Amino acid sequence: MAEDRIGWGEAERAKIANHANNGSWTLIDRSHVPAGRAIVRLIWVYKRKRSGALKARLCVQGCAQVRGVDFDQTFCATMRPTSLRALAAMANSAGMRMRRWDFVAAYLQGELEQDEVVYCHAPPGYATT
């Protein structure tokens, strides 16, 4: 449907804006990529939420990366169980009910090691200049 195509485009632009606001990347010329390092592709992953909202996620096509060359560890940011218990206790003491929540662009808050760099092509459909 035409309205879905517009909605997906808006979801993509929102995600690109999150990356831009967070300073997630720096555009460089391909000639500056060190020899032997892969330039991985980015892909869009789309999801329609139960509420009907359209979400777009920009993901690294990880199957093109080589362990020990392009990365040496994996990590998924999640809340520690002790933090969740503390949050639940505070909500309970305030007489509040906990429901679900969503942290916009929480995955962008991670830090890379000082010399750690991931080289990616520009997102599909977006100019590199």
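Read along the sequence, the protein chain runs α-β-β-α, which amounts to two helices and two strands. Helices (H or I, at least four residues) and strands (E, at least two) are DSSP runs, numbered from the N terminus. The model is predicted: local features need pLDDT of at least 70, and side-chain atom pairs count only at pLDDT 80 or more, while totals for chains, interfaces and linings use all residues. Residues are numbered from 1 along each chain as its sequence is written, and side-chain values use heavy atoms, with hydrogens and water left out.

Consider the chain as a whole. Of its 129 residues, 18% count as buried; buried means under 20% relative accessible area, exposed over 50%, and partly exposed in between (1.4 Å probe, protein chains only). The chain exposes about 10,500 Å², and carbon and sulfur atoms supply 53% of that area. Accessible areas come from the Shrake-Rupley method with a 1.4 Å probe; for residues, only the protein chains shown count as cover. Among contacts (heavy atoms within 4.5 Å) between residues at least 6 apart in sequence, 65% join residues at least 24 apart.

Next comes the interior. A nonpolar core is a set of buried Ala, Val, Leu, Ile, Met, Phe, Trp, Tyr and Cys residues joined through side-chain atoms within 4.5 Å. The largest one here has six residues: A11, I16, L42, W44, A56 and L58. At least two residues of this core come from each of α1 (2-22), β1 (42-48) and β2 (54-60). Take A56 as an example: leaving out residues up to four places away in sequence, A56 touches A11, E12, K15, W44, V45 and Y46.

Further along, H121 sits in the segment after α2 (81-93). Is H121 buried or exposed? H121 is buried, because its relative accessible area is 19%. Apart from neighbours within four places in sequence, H121 is in contact with R30, I39, V40, R41 and L42. With R30 there is a polar contact between the two side chains, at 3.3 Å. A polar contact is a pair of N or O atoms within 3.5 Å; within protein, one must be able to donate a hydrogen and the other to accept it, and residues adjacent in sequence count only if both atoms are side-chain atoms. A polar atom of the H121 side chain also lies 3.5 Å from the backbone oxygen of I39.

Finally, the cysteines. C59 is partly exposed, because its relative accessible area is 22%. C120 is partly exposed too, with a value of 33%. How many disulfides are there? The count is zero, where a disulfide is a pair of cysteine sulfur atoms within 2.5 Å.
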